[in-house]
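Visitor: Hi, can we walk through this one together? I'm new to reading structures.

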Amino acid sequence: MVGVRIQLNKWQQAAVAFGSAVGALLDPRRADLIAALGETTGKPAFERVLERMKRSAEGRAVLLERPRVLSSEVGDAWDLPSNTFGAAYANFMGSRNFSPDDRPPVRFMDTDELEYVAMRAREVHDFWHTLFGLPTNLIGESALKVIEFEQMHLPMCMLSVLGGTARFNDKQRNLFFQHYFPWAIRAGMRCNDLMCVYYERHFHEDLDDVRAKWGIIPAPPSPKVNVS
């Protein structure tokens, strides 16, 4: 359905998690290693997300219909009026030459339901970038990982923050911890349970309206600091 499932015992899970963590630290561009780390350390968190989705009407609809964020499924976002959430997402993707189809498959979940939840968490990442107005640079990705941790409590998210901030220079580190980190903590706690949102049903709605409805606090403007 989502990927080729690989069953691991606890020792194998620990070995994959350790190897993925080391590899991801050495090469943060390895999305497959980051994905494997998230899956092998995140099963309890994904189980809790699944239970929350089952208690939510919109979450249950997502689990029932299992929408996928693929080019073939979300292409209508590119045709929507500029003020809509869907158009903002399309602009975010198009301006960076991103494709919704680039996510690595899920391989290490035990059941179809958990497999789908893990894939859904991976695929809505760019929706969250759009809603919170975060860039895709190192600071923006680290800030979004803080929000993802607040929302899902995945160990991988906090490990990614630690790994990301270790690569900051002094200006980036000061900017992140003084400006973005406090906002991300507040934003992640204040918004709705974003894993229980059927985003594709809201593409046609005004971006500001969906932000208000879901309690989204967009990222504050960045101070004029050279962090390159």
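Predicted model: local features only at pLDDT ≥ 70, side-chain atom pairs only at ≥ 80, totals over all residues.

Visitor: OK. Which residues are buried in helix 3?
Guide: In helix 3, residues 57–65, the buried ones include Gly59, Ala61, Val62 and Leu63.

Visitor: What follows helix 3?
Guide: Arginine 66 does. Its phi is positive, near 50°.

Visitor: New topic. How many aromatic pairs does the structure hold?
Guide: There are 16 aromatic pairs. Take tyrosine 89 and phenylalanine 203: their ring centres are 6.0 Å apart and their planes are at 20°, so this pair is stacked.

Visitor: Where do tyrosine 89 and phenylalanine 203 lie?
Guide: Tyrosine 89 is in helix 5, residues 85–95. Phenylalanine 203 is in the loop between helix 10 and helix 11. The two parts are 114 residues apart in sequence, and the pair ties them together.

Visitor: Are those two buried or exposed?
Guide: Tyrosine 89 is buried, and phenylalanine 203 is buried too.

Visitor: What about phenylalanine 177 and phenylalanine 181, how are their rings set?
Guide: Their centres are 5.7 Å apart and the planes are at 55°, so that pair is tilted. Both residues lie in helix 10, four residues apart, which is about one turn of the helix.

Visitor: Why does one turn matter?
Guide: An α-helix has 3.6 residues a turn, so residues three or four places apart point the same way.

Visitor: And how exposed are they?
Guide: Phenylalanine 177 is partly exposed, at 40% relative accessible area. Phenylalanine 181 is partly exposed as well, at 26%.

Visitor: Which residues form an aromatic cluster?
Guide: Trp78, Phe85, Tyr89, Phe127, Tyr199, Phe203 and Trp214 form one.

Visitor: Tell me about aspartate 126. Buried or exposed?
Guide: Aspartate 126 is buried, with a relative accessible area of 8%. It sits in helix 7, residues 125–132. Beyond its neighbours within four places in sequence, aspartate 126 is in contact with Tyr89, Phe92, Met93 and Arg103.

Visitor: And glutamate 141?
Guide: Glutamate 141 is in helix 8, residues 138–152. It is partly exposed, at 26%.

Visitor: Which side chain does glutamate 141 make a polar contact with?
Guide: The side chain of glutamate 141 makes one with the side chain of histidine 125, at 3.1 Å.

How values were computed. Residues numbered from 1 in each chain as written. Heavy atoms only, no water. Phe/Tyr/Trp six-rings, centres within 6.5 Å; stacked < 30°, edge-to-face > 60°. Buried < 20%, exposed > 50% of the residue type's maximum accessible area, 1.4 Å probe, protein only. Contact = heavy atoms within 4.5 Å. Polar contact = N/O pair within 3.5 Å; in protein donor to acceptor, adjacent residues only side chain to side chain.
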